[in-house]
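Subject: Structure for you to look at

Hello,

Here is the structure I said I would pass on. Please open it alongside this message.

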Amino acid sequence: MIVWLNGAFGAGKTSTARELVDFMPGSTFYDPELVGNGLRMMLPRKRLEQVSDYQDLPSWRRLVVDTGAALISEVGGPLVVPMTVLRQEYRDEIFGGFAARRIPVRHVLLHTDETILRERIAEREAIPGDADASESVRRWCLAHLAPYQAALTWLTTDAHVVDTTGLTPRQTAQHIADAVREGAGICDIVQTPEPRAETLAAGVLLFDEEDRVLLVDPTYKPGWEFPGGVVEPGEPPMCAGVREVTEELGVRLDEPLRLLVADWERPQPPGYGGLRLLFDGGKLSSAAAREVLLPGSELRGWRFVTESEAAALLPPVRLSRLRWALRAREQGRPLYLEAGVPTG
């Protein structure tokens, strides 16, 4: 199990985490900041200059999961993790990675009044003996107060909130230990095993009366997606698309689907790639759209979007696939793609 302590810089996550280890027998302190420090030492300066925060590095997010999983296999007990994560898509990627490895996560938010936070940051000597470096760290912490306030909308609904304003780190740790034992902070994320070989996946495009396409927002990975999923062994791909739409949206498709795109996705380690199919599921009436029901452990939202609006939601690979699928729909014939490029 992972007990992930989130919160603003200065909320007392690290000191609380060290105290929490005492209240949770067999637990181990795990600081993902060490992963970031390691990457700073190993990555070329040119790559580091492309990001303002090591959390923006895909390698950091993956290594946090891989290292956590390795630690659990080594020590067996829970990991206590103090780390600020303010971008929901990064939370999805990291917690989804743990879920794929069958490692449950308890998400706890340490919330502190902003006035107290500013006082703590002002008194903080981040790097003993180095006044300039400590001042730089204080400026960094202050600059992240506004993003923290903006992230509270999703953080307070996702995590178990502990108001630490009047608590010592040990009192906070005691509260968290009691809450975790009672089941607080459970992240109900679908556990999707990581593929071990190439996969076949079927997605379905559903349209509204304005010809906008329906996208869904997964809880377990970053970026929006098409309804659909991996085809099970022995299952016809079109049937898989129909099944996934029913499971994900509660919508039954009675008419046969029309193939729009078959896209071979090249293996890019650590991914294995495979064949991705997109089908046309037809139009969803306003009445049917009002009946959409989402599985909370898998999807947090859905919406109809135009092609231009999809560009702000979909990762590049999926966006390219969508654009070719829309062209295929206009032309009335399916397209075969290799790595997103029409071939043949």
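Predicted model: local features only at pLDDT ≥ 70, side-chain atom pairs only at ≥ 80, totals over all residues.

Residues are numbered from 1 along each chain as its sequence is written, and side-chain values use heavy atoms, with hydrogens and water left out.

Whole chain

The protein has 13 helices and 13 strands; these are DSSP runs numbered from the N terminus, with helices being H or I of at least four residues and strands E of at least two. Its C-alpha atoms fill a box of roughly 70 × 45 × 40 Å along the principal axes.

Of the 344 residues, 45% are buried. Buried means under 20% relative accessible area, exposed means over 50%, and partly exposed is in between (1.4 Å probe, protein chains only). The protein exposes about 17100 Å², and carbon and sulfur atoms supply 53% of that area; accessible areas come from the Shrake-Rupley method with a 1.4 Å probe, and for residues only the protein chains shown count as cover. Among contacts between residues at least 6 apart in sequence, 74% join residues at least 24 apart, where contact means heavy atoms within 4.5 Å.

An unreviewed UniProt entry annotates residues 197-327 as "domain: Nudix hydrolase". UniProt positions are given in the numbering used here, feature names are shortened, and annotations may be inferred rather than shown by experiment. Over residues 197-327 the chain is 26% helix and 33% strand, with the end C-alpha atoms 30 Å apart.

Helices

Helix 2 (residues 33-42) has Val 35, Gly 36, Gly 38 and Leu 39 as its buried residues. They cover an arc of only 160° around the axis, so they sit on the same side of helix 2; the arc is that of the directions from the helix axis to the C-beta atoms. Leu 34 and Met 41 are exposed, on the face turned away from the buried side of helix 2. The cover over the buried residues of helix 2 includes helix 3 (45-48) and helix 4 (58-75).

Helix 5 has 13 residues and reaches 18 Å from its first C-alpha to its last, close to the 18 Å expected at 1.5 Å a residue. The expected span is 1.5 Å times one less than the number of residues. Helix 5 is mostly covered, with 10 of its 13 residues buried, including Tyr 90, Arg 91, Asp 92 and Phe 98. Among the elements that cover the buried residues of helix 5 are strand 1, helix 4, helix 8 and strand 11 (299-305).

Helix 9 (residues 169-181) also has 13 residues and reaches 18 Å, close to the 18 Å expected. Its buried residues are Thr 172, Ala 173, Ile 176, Ala 177, Ala 179 and Val 180. They cover an arc of only 165° around the axis, which puts them on the same side of helix 9. The buried residues of helix 9 pack against strand 1 (2-7), helix 1 (13-23), strand 4 (105-111) and strand 5 (160-163). Gly 183 follows helix 9 and has a positive phi, near 95°.

Single residues

Arg 102 follows helix 5 and lies in the loop between helix 5 (88-100) and strand 4. Its phi is positive, about 60°, although Arg 102 is not a glycine. At 47% relative accessibility, Arg 102 is partly exposed.

Asp 211 is another non-glycine residue with a positive phi, near 70°. Asp 211 is in the loop between strand 6 (199-207) and strand 7 (213-218), and is partly exposed at a relative accessible area of 41%.

Thr 156 is in helix 8 (residues 145-158) and is partly exposed, with a relative accessible area of 40%. Leaving aside neighbours within four places in sequence, Thr 156 is in contact with Leu 109 and Val 161.

Arg 243 lies in helix 10 (residues 237-249) and is buried, with a relative accessible area of 19%. Leaving aside neighbours within four places in sequence, Arg 243 is in contact with Val 230, Glu 232 and Glu 235.

Regards
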